[in-house]
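Please look over the sequence and the structure shown below before reading on.

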Amino acid sequence: MDTIDSVTRLIASYKKLPGIGNKTAERLAYATLGFSKEDLEAFSASLKNVEDKVHLCPKCGMFIDTPTCPICDDTTRDNTTLLVVTDAKNVISFEKTGKYTGLYFVLGGSLSPVKGIGPNEIRLPELKKIISEGVVKEVILACSSTLDGELTAGYINKMLNGMPIKITRLAYGLPVGADIEYVDEVTIERSLKARVDMKGE
Ligand SMILES: [Zn+2]
């Protein structure tokens with residue numbers, strides 16, 4: 001007998017997750033079949049909740065599930081400093097240090113000629129718009145030190161050239177090729193503190 005349709009669909013859904021191949025998707029699907037009624041209800045309700053409530057903050061690009069953004073709309077934060085990161089999960093790394101009090105801007109990816117990702121595929125036009133509003137005085141580039149990350153940082157530096165702002169980048173304390181999400185809090189904090197001016201690079 002072939003796998004029943006309901007299970008096949010569940011396997012296909014699990015396979016959409018990063019790092020999940022056929023075998024693992026099958027294992028997860030059959031484990032789900034073993035859930036109690038209550039667990040199944042909670043599982044499907046949390047997925048439905050994500051569908052109904054989670055959206056991107058139009059300003060920072062973070063996932064939020066409230067009408068206002070807990071970071072952008074926090075008036076105790078310094079709205080003149082904007083930290084630019086590649087992914088929403090990078091924001092969590094900086095927030096964990098508890099030392100950064102400015103605002104964030106999530107690009108939603110890096111420029112990549114190989115993958116065909118150009119400036120309009122990530123939130124670069126939105127970044128330019130926010131900077132041109134004139135409130136931000138310093139942009140800190142915290143793109144990953146991968147090839148695509150470097151390319152993105154270089155592009156932003158050029159794009160914002162001539163605007164009356166300071167452009168800095170994290171100090172070279174981050175290991176080459178490392179994604180920020182794998183770097184410990186102390187390194188992030190140190191790298192943020194010793195950030196370097198990008199003018200003249
Ligand atoms: Zn926000």
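How many bridges join strand β3 to strand β5, and do the two run parallel or antiparallel? In this predicted model, strand β3 (residues 78-85) and strand β5 (residues 138-141) run parallel and are joined by four bridges. Within this pairing, L83 has I140 of β5 as its bridge partner.

## Overall layout

The protein contains seven helices and seven strands, which follow one another along the sequence in the pattern α-α-α-β-β-β-α-β-α-β-α-β-α-β. Taken along the principal axes, the box filled by the C-alpha atoms is roughly 65 × 35 × 35 Å.

## The sheet

The pairing of β3 with β5 belongs to an open sheet of five strands, arranged in the order β4-β3-β5-β6-β7 and mixed in its pairing. The edges are taken by β4 (102-106) and β7 (196-197), each of which has a single partner strand, so one side of each is left without a neighbour in the sheet. In general terms, strands of a sheet pair through backbone hydrogen bonds, in either a parallel or an antiparallel manner.

## Helices on the sheet and against each other

Helix α4 lies across β3 and β4, running at about 155 degrees to β4, while helix α5 (residues 124-132) lies across β3, β4 and β5 and runs at about 160 degrees to β3.

Helix α4 (residues 88-97) also meets helix α7 (residues 185-193), their axes coming within 9 Å and crossing at roughly 85 degrees; that makes α4 roughly perpendicular to α7. On the α4 side the contact is formed by S93, F94, K96 and T97, and on the α7 side by E185, I188, E189 and L192.

## The zinc site

The zinc ion has as its protein donors the SG atoms of C57, C60, C69 and C72, which lie 2.3 to 2.4 Å from the ion. Along the chain, these donors follow the spacing C-x2-C-x8-C-x2-C.

The site is tetrahedral, with angles of 105 to 113 degrees among the four donor atoms. For reference, the ideal angle for four tetrahedral donors at a metal is 109.5 degrees.

How values were computed:
Residues are numbered from 1 along each chain as its sequence is written. This is a predicted model: local features need pLDDT of at least 70, side-chain atom pairs count only at pLDDT 80 or more; totals for chains, interfaces and linings use all residues. Side-chain values use heavy atoms; hydrogens and water are left out. Axes are lines fitted to C-alpha atoms, for helices over the stretch in contact, and angles run from 0 to 180 degrees between N-to-C directions. Angles under 35 degrees count as roughly parallel, over 145 as roughly antiparallel, 65 to 115 as roughly perpendicular and the rest as oblique. Contact means heavy atoms within 4.5 Å. Two strands pair if DSSP finds at least two bridges between them. Donors are N, O and S atoms within 2.8 Å of the metal (3.2 Å for Na, K and Ca); water is not among the atoms, so sites may look incomplete. Four donors count as tetrahedral if all angles lie between 85 and 135 degrees; four count as square planar and six as octahedral if opposite donors are over 155 degrees apart and all others between 65 and 115; anything else is irregular.
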